[in-house]
Structures are given as structure tokens and as C-alpha cells.
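I am opening my notebook on a structure I have not looked at before. Come along while I look things up one by one.

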Amino acid sequence: MLNRRRLLALGATVGGALVLPFTKLTPVGAKEGEPLHKGYHIGRRTAGTGVRPAVAAFTEQMPVPPVLQPAQSATGVDVYKIAIQNSTAEILPGLKTPVLSYGGSFVGPTIRAKTGRPVKIMYVNQLGEPANVHLHGGHVPAVSDGHPMDVIQPGQARVYDYPNNQQGATLWYHDHSHHTEAEHVYRGLHGFYIIEDAAEKMLALPTGQYDVPIMLRDSEFDKDGGLIFFDDPANRTTILANGKIQPYFPVAARKYRFRLLNASNEHVFKLNLGGREMVQIASDGGLLPAPAPLTELVLASAERAEIVVDFARYPIGTQLVLSNGADPVLRFDVVRPALDLSRLPSTLRPLPAFTTAAVERDVAMSFDLTGTDPIGLVNGRPYDPNRIDFQIKQGTTEIWNVSNADTIGIDHTFHMHMTHFQVLERNGGKPLPQDAGLKDTVHVPPDGKVRIQATFADYTGKYVYHCHYLEHSSIGMMGQMEIVT
Ligand code: C2O
Ligand code: CU
Ligand code: CU
């Protein structure tokens, strides 16, 4: 269909090829000097050039991204230093894929933080172009939020302060440099940031080697193992689990906690264990009120879900495949017996009480398809860093009615910075299982309407909210709020 075809061009028109020679050009459809498109560059269209990597299923073990040790932790603050750098990764056996990385690895190092204990991270930008870092799901002061216009210039360093004054949750960090976030994240600027708190520890959920973050994301490769960005995102049909194609992961016959992240720019995963039970215990903002047994988990771009799988139910030698629909993604091999002292309590953590909403707002995500290239819109306007769309009084609760306002069959996910929200309704009815708990990102499918409430308490300043289909936010599907006293 026509509109579909035009949107396919999204992947082709944003970002610059970083590992291949490229020319920065004035973007089609934008006037020179127009603030929205400043720094916007385009690449060659290479629709459909990807090859399906010839990788035999379940031959490589899934790595677990290493936990970064602080460079310093003497003064009650954990201090880290991470380079933003060009690197290569062995994603396809025997081939080196050029990637962008935090700290040299395609899935960045995992930061393990504790509630109430601040973290400072110095990022050194060794790329040839601006980049930055956003802590997705972090309640952080505006100056450390990685606002799209607040970037680290090449050769410069920047310290981000993370107070960690929030409950335990699986967060992630990724690039947010305006217009280039989609390509930067796609090429590897992503990693886990996990906050643990004392109350959660008391629950005795699986920990240590039995608490495993798994970054799931899509990708498209050329024949040399290069990641193809300039193509229809629908061609990103190769799913990676912690940077590997269909790996296996040996497990003991006991409970595991898996922290699943969908780090794809544009993808809704429908995850299943072939009909076997997965028990969801947490979503974006941390633990659910109670465990929720599921056989299918819907996880849209930027969402997280934590599940407990009890492999003690299966005999040694059992192989359980985690699939996206019918596509195998990862195989768990039950290889050894284990003593399991962990628990899965029947209640976890109640949701916080929200004060009565003072304001109600509409947030409609759509495209302007009238020009040569599509433009992303929120409430009819593309992002303008010089405009405050919503002014919000600190400490108040608001209800936002978030909608997918096109009729062209394109998904969105809606993400809000600085705070977490609760989904009150979906399409006028009850929320879906994947809306449970405290959320920072929610799937807004075609015709979708999601009613959410959030309290804007922690900080003042300017923060963005946007579609987390990063090609969409790159071309303007983003708004700006200012929290004021
Ligand atoms: Cu995951 Cu505004 O970002
Ligand atoms: Cu975010
Ligand atoms: Cu979108």
C-alpha cells in the first residue's frame, strides 16, 4: 500500500552510515537551516539487500553481558568510565560486524546499581560525531537525562549523575542524539542498567548467575556481516539474544529470573516457550503487585518484562525454545540438577497510590505524509526543541490519553521520561497483561488508545516524551514537557 511504502523509506532517510563512507546531505523535504532537521543526514536506499545469515541454530552459547566494575566506589558513589567507540562484534561466526558500542561490546556492559546509592558515569565520545546517553526508565535530573539536544561532541567527555532514588527495576541505557538515535541504537549503543533494592532482596527471588538479563533485538545483515540500517525496518528479521543468533543457554533445574528487554527500534515480540509457563514478575518500573503466569508475553520496542521460569519442572536433558511467534530465538537446555533456595512469593510489591489527577491531556501520534519524506508528529506538530508542549506542575498527577492517530496500520510505542506511569485503560476497556505494573513505555498499535496516569514529582526541567520506534522519534514524533515548581 502506498503509505506503507512511504514509511518504509523512514529507515532509508534518517541517520548516516557510520561504518561505510557517507555524505551528509540536506534532507529531502527539509529546508536548509530548519531547526527540526538540523544535522539530519540521509544515506543510500538499499531496500531488500539483506541476506539471511547462514547460522546453524543453537550452536553458540548465549553470552551474558559482563557487569562493569566501578573505577572508584570509596565515597558512597560508584564511579564508572565508559568510552563511546567504534568496535566490531562477532555476531555471525567468523565475520566481524562493525558496530557502535559503549565500552567496546555490542551489548554494552551491565551496570548494577542499588537504590539510594548514586552512580556517576563518565562517557568519553570517541566517535566522529555527536552522541549521548539516556538512562531509559531512570528518574534523573534533567541535566543527566540525555536530552536529545544535549549531546557529547566528538572527543569530549561528559559525566552523568544517577541518584538511583527509585525502586529496583531493569533499566537500559542508549543513545538519544536527535535524528541519529535510531541508527546509533541500531548499531549497538545499548546496554542494561539494573537497579536493585533492599525490599526486593528480602523476597529471595533468584539472584547471581540465576538472574540473567537478555537483550532481544532485531537486525538485518549484508553478506559481509555488516548491519544494514538503510532499509525497511520490516526486513530486520534476524533476532539477536544478547547479540547472538539463535544461541542456546545451559540452565540448572531450578528457578531463573530473566530480565527481557526489547531493544529493537521497531518490533513487537510475541514470546513463548512453546506453551510452557513463564511467570512475569516485573515490567518496566519494577516488580508487579503479584506474579502473573503467562504462556505468551508481548514485548514491544523499549519495554522490559522480567519472568521467572522454573526449570525444576523439567527432566535434565529437556530443551525449551523461546520463540517469537513461530521463530526460534533462544534455547534453554536443562543440563544439571541444582539446589534451589530462591522463592517466588505470591505477592511482590503493591503499586504506589496516585494522587487524584489534576490535568488531563491528549497525546496523538501520527505522520505528516504530504511531503517527499514523512515527518513524525505529536498532536499535529513535529518536535521542536525550542517549544514546550506541556507545562506540568511538580508533584501533580496527570492523565494522558495517548493514541495512534493514523489509519495506516503502523505501530507505535509511547515512552515518557523522568517518571513511570500506570496504564488505566486500553481502548476504553481493561489494560492488557503487558500493561501491568509501573510502565515507562507502552505499545500503541494501530487504532490503539491508551489512558495512563503519572505523577511528576522527582525533578523539574525539560524532558521529552516520544514514540519509541526510534525512526519515528528521529523524524519528529516527540514532544517536550517542562516540569515547574
Ligand atoms: Cu528509551 Cu527517550 O528513550
Ligand atoms: Cu527514556
Ligand atoms: Cu511511532
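**Entry 1: two domains**

I began with the distance between domain 1 and domain 2: their centres, taken over C-alpha atoms, are 26 Å apart. Domain 1 covers residues 208–337 and domain 2 covers 359–484, with bounds that come from an automatic or database domain assignment. I then looked up who takes part in the contact (heavy atoms within 4.5 Å), and found 18 residues from domain 1 and 18 residues from domain 2.

A note to myself on what I am reading: this is a predicted model, in which local features need pLDDT of at least 70 and side-chain atom pairs count only at pLDDT 80 or more, while totals for chains, interfaces and linings use all residues. Residues are numbered from 1 along each chain as its sequence is written, chains are lettered from A and ligands numbered from 1 in the order in which they are written, and side-chain values use heavy atoms, with hydrogens and water left out.

**Entry 2: the surface between the domains**

How much area do domain 1 and domain 2 bury between them? I found about 1,400 Å², with 50% of it on carbon and sulfur atoms. Buried area here is the accessible area (1.4 Å probe) that two parts lose on being put together, summed over both. On the domain 1 side, Asn-265, Glu-266 and Glu-303 lose the most area to domain 2, and together they make up 29% of what that side buries.

Next I looked for charged pairs, where a salt bridge is a side-chain nitrogen of Lys or Arg within 4 Å of a carboxyl oxygen of Asp or Glu. Four salt bridges turn up across the interface of domain 1 and domain 2. I also counted 12 residue pairs in polar contact across this interface, both residues at pLDDT 80 or more. A polar contact is a pair of N or O atoms within 3.5 Å; within protein, one must be able to donate a hydrogen and the other to accept it, and residues adjacent in sequence count only if both atoms are side-chain atoms.

Which strands each supply at least two residues of the side of domain 1 that touches domain 2? I noted strand E15 (278–283), strand E16 (286–294) and strand E17 (296–300). Strands (E, at least two residues) and helices (H or I, at least four) are DSSP runs, numbered from the N terminus.

**Entry 3: salt bridges elsewhere**

I widened the search to the whole structure and found 28 salt bridges. One of them joins the side chains of Asp-197 and Arg-349, at 3.0 Å from N to O. Asp-197 lies in the loop between strand E8 (190–196) and helix H4 (198–202), and Arg-349 in the loop between strand E20 (327–337) and strand E21 (359–368), so this pair ties together parts that are 152 residues apart in sequence. Asp-197 and Arg-349 are both buried; buried means under 20% relative accessible area, exposed over 50%, and partly exposed in between (1.4 Å probe, protein chains only).

Arg-254 and Asp-340 also meet through their side chains in a salt bridge, at 3.3 Å from N to O. Arg-254 sits in the loop between strand E12 (248–253) and strand E13 (255–262), and Asp-340 in the loop between E20 and E21, 86 residues apart. Is Arg-254 buried or exposed? Arg-254 counts as buried because its relative accessible area is 6%, while Asp-340 is partly exposed at 22%.

Arg-331 is buried at 14% relative accessible area, and Asp-333 is buried at 10%. Shared partners also join Arg-112, Glu-196, Asp-197, Glu-200, Asp-211, Arg-257, Arg-259, Glu-306 and Arg-349 into one salt-bridge network.

**Entry 4: copper**

Which protein donors does the copper ion (ligand 2) have? I found His-134 (NE2) and His-415 (NE2), lying 1.9 Å from the ion. His-134 belongs to strand E5 (residues 134–136) and His-415 to strand E25 (residues 412–416), 281 residues apart. His-134 is buried because its relative accessibility is 1%, and for His-415 I read 1% and buried as well.

Donors are N, O and S atoms within 2.8 Å of the metal (3.2 Å for Na, K and Ca); water is not among the atoms, so sites may look incomplete.

The copper ion (ligand 3) is coordinated by His-412 (ND1), Cys-467 (SG) and His-472 (ND1), at 2.0 to 2.1 Å. In sequence these donor residues are spaced H-x54-C-x4-H. Cys-467 and His-472 are both buried.
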